[in-house]
Amino acid sequence: MRPPLTTKPENRARQFLPSRLIPGAQTAAGNNTRRKSSSATVDGRFWDWQNSEGLGDLRKRPRTALLAETFFPALWLDGQCWSVARQVSADFFLIIFSFAAVAHVSVMLQFAIRHDLATLLRPGAFPTAGPGVLLLYGALFTLFGLSQRLYHPETIQAPARERLILAKVVFWSALFVVAAVGWSGPHLISLTTLAASAPLDFLMMLAWRKHWRRVPPHPVSSARGVRNVLIIGAGKVGRELAAHMRQDSASQRVVMGFLDEVEPIGGDIHGRVEDLSRIARTDFVDEIILTSPQHPDLARRVIREARGNQIDVKVVPDLFGFEPDDPLIFEKVGNVTVLTLREERMPTFRLFLKRNVDAVAAAAVLIFISPLLFVIAVAIKLESRGPVLYQAHRAGLKGRPFRCYKFRTMCVDADNLKDSLRAHNQRHGPFFKIVDDPRITRAGRFLRRYSLDELPQLWNVVTGEMSLVGPRPHPIDDFERYDLGDLQRLDVPPGLTGLWQVTARRDPSFERGLALDLEYIRSWSLWRDFQILCKTIAVVFRGSGV
């Protein structure tokens, strides 16, 4: 690192160009006080650059830049074009090489076993369709790799994470290619060879990446892709950032020094923020990293000055002492930029399986028991007037109300009589239940004993409002009596049956039921659901419903 150049005080009237010039990019720096009538550009038009107004002006994008943004992945445009191109090219070459190696070994083994020269001469030994299939294989591998951030610097710097992502990308790209070739008619290429080359792909790509880490980098003074970095803020964060860049052998950044408003100037402290334009010009700075964004006025001044000088700006965000999840996720909500600091990992795949099993199983059972449903409907209609189905709103997932269906087991005006009977409630807590409820009809008592009144809720399972297994849904008026801790049972969809139904069905304590519901949620698994369903069938046949 060289010390900053000693320069004479600049004449402010001559500061008409930014500190960094980008080939083909028109300058947009404002406050150009050096006057000049006009300047002719290559196409003969006049460039009235002295009248530009600050940083808000939109620069005309070159057509080549627009084409690059249209056709190439965003990672290629983020100052990593050559690095990504090198890695993708190496992966393409290794895919071709491993397939060719496996194909040749396969042919040689067949020749060694059969001792027949015809094995080497048959058309399928070295298929002509191979290049096209391998091109598809390489394209899928690259797309999967970009989607999984395989070529991202954060992944490259974490070997364990890189191995996991590499194995995943190789597996899925090979699987898709084998499936595509297998379903495309006559096989012009060996599926066995293609599948066998996938493990070799993984091992060779892994070895290549390990080798690349061990290769000493080119001297930064001779590398064309090196970027000169100026760090704003020489505190703990700035020093840690600079130390990491200097120790990282694969880094393409050179720390030129610091600007700091407090530390004395000298050594690697090149000056104050007001010296940014001069330091950026003398040290040919490409990038500025701001480590003290908690001072808004200083940050705005640095960013404005850097943009005016066409220098890249990066900011170290203040995360309040917490480590963010990996990878970092930024999103735009309107005009507000939001950084995801923490995102809890959900068992998405297992929940997806649970939902599909629920829907398929509930639909199949509804079709199978449709004659039984018809018989129950006739029995209800013959005994008492009123509708066959009882429809009432229940508290579902996250407290959202939904229309729950049951066979009607009570008189028509049962809801109007509920408040007058609440004094006889035999449950402890907000849940209302009476064993010998006078509102229940004779047919309804039989249906409740064997839980047949719950069968229409299979339709709620099909529509996704309920699940086969989960906490039972409570009426809205009971839900309104919940305490704060009771709301946890609504973090999952309500179920047709649950842990309470198969372990403490006659226990009158609401707290006991709540404890079982929370235990089910914390220890949930697909196997646990299967066990509860099996126990539910046994409970139903015993006729222990109330």
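**Entry 1: a helix pair.** I started with α12 (residues 370-383) and α14, whose axes come within 9 Å and cross at roughly 150 degrees. Anything over 145 degrees counts as roughly antiparallel, so that is how α12 and α14 run relative to each other. Then I looked up who makes the contact: Ile376, Ile380 and Glu383 come from α12, while α14 brings Arg442, Ala443, Gly444 and Leu447. A reminder to myself that this is a predicted model, and that local features are only taken at pLDDT of at least 70.

**Entry 2: the sheet.** Next I traced strand order. I get an open sheet of five strands, β5-β4-β3-β6-β7, with parallel pairing. β5 (269-271) and β7 are the edge strands, each pairing on one side only. On average, neighbouring strands here are turned by 35 degrees against each other, direction ignored.

What packs on this sheet? I found helix α8 (residues 236-247) touching β3, β4 (253-259), β5 and β6, and its direction makes about 160 degrees with that of β4. α10 also packs on the sheet, where it touches β3, β6 and β7, and its direction makes about 170 degrees with that of β6.

**Entry 3: zooming in on β6.** I wanted the pairing on either side of this strand. β3 and β6 run parallel and are joined by four bridges. Ile231 has Ile289 as its bridge partner in β6, and Ile232 has Leu290. On the other pairing, β6 and β7 are also parallel, over four bridges. There I noted Leu290 standing opposite Val315 of β7.

Are the side chains of β6 buried or exposed? I checked both faces, and both are covered: Glu287 and Ile289 are buried on one side, Ile288 and Leu290 on the other. The split into two sets is what I would expect, because side chains in a regular strand alternate between the two faces of the sheet. I flagged Glu287 in my list, as it sits among the buried residues of β6.

**Entry 4: α10 by itself.** I did a quick geometry check on this helix. It covers residues 296-308, and at 1.5 Å a residue its 13 residues should span 18 Å; the end C-alpha atoms are 18 Å apart, so the two agree. Which residues of α10 are buried? I get Leu298, Ala299, Val302, Ala306 and Gly308. These buried residues pack against β3 (227-232), α9 (276-282), β6 (287-290) and β7 (312-315). After the helix comes Gln310, and its phi is positive, near 60 degrees.

Entry 5: Lys398 has a phi near 55 degrees, positive without being a glycine. I placed Lys398 in the loop between β10 (389-395) and β11 (401-407). With a relative accessible area of 55%, Lys398 is exposed.

Ser451 is another non-glycine with a positive phi, about 55 degrees. Its place is the loop between α14 (442-449) and α15 (457-463). How accessible is Ser451? At 17% relative accessibility, Ser451 counts as buried, because the limit for that is under 20%.

**Entry 6: cysteines.** I searched the whole structure for disulfides and found zero. Cys404 counts as buried at 2% relative accessibility, whereas Cys534 is partly exposed, with a relative accessible area of 39%.

Entry 7: Last item: Leu526, in helix α19 (residues 526-542). Leu526 and Leu353 are 173 residues apart in sequence, but their C-alpha atoms are 8.5 Å apart in space. Leaving out neighbours within four places in sequence, I get Arg350, Leu353 and Lys354 as the contacts of Leu526.

Notes: Residues numbered from 1 in each chain as written. Predicted model: local features only at pLDDT ≥ 70, side-chain atom pairs only at ≥ 80, totals over all residues. Heavy atoms only, no water. Helix = DSSP H or I, 4+ residues; strand = E, 2+ residues; numbered from the N terminus. Expected span 1.5 Å × (residues − 1). Buried < 20%, exposed > 50% of the residue type's maximum accessible area, 1.4 Å probe, protein only. Contact = heavy atoms within 4.5 Å. Pairing = 2+ DSSP bridges. Disulfide = S-S within 2.5 Å. Axes fitted to C-alpha atoms, helices over the stretch in contact; angles between N-to-C directions. Parallel < 35°, antiparallel > 145°, perpendicular 65-115°, else oblique.
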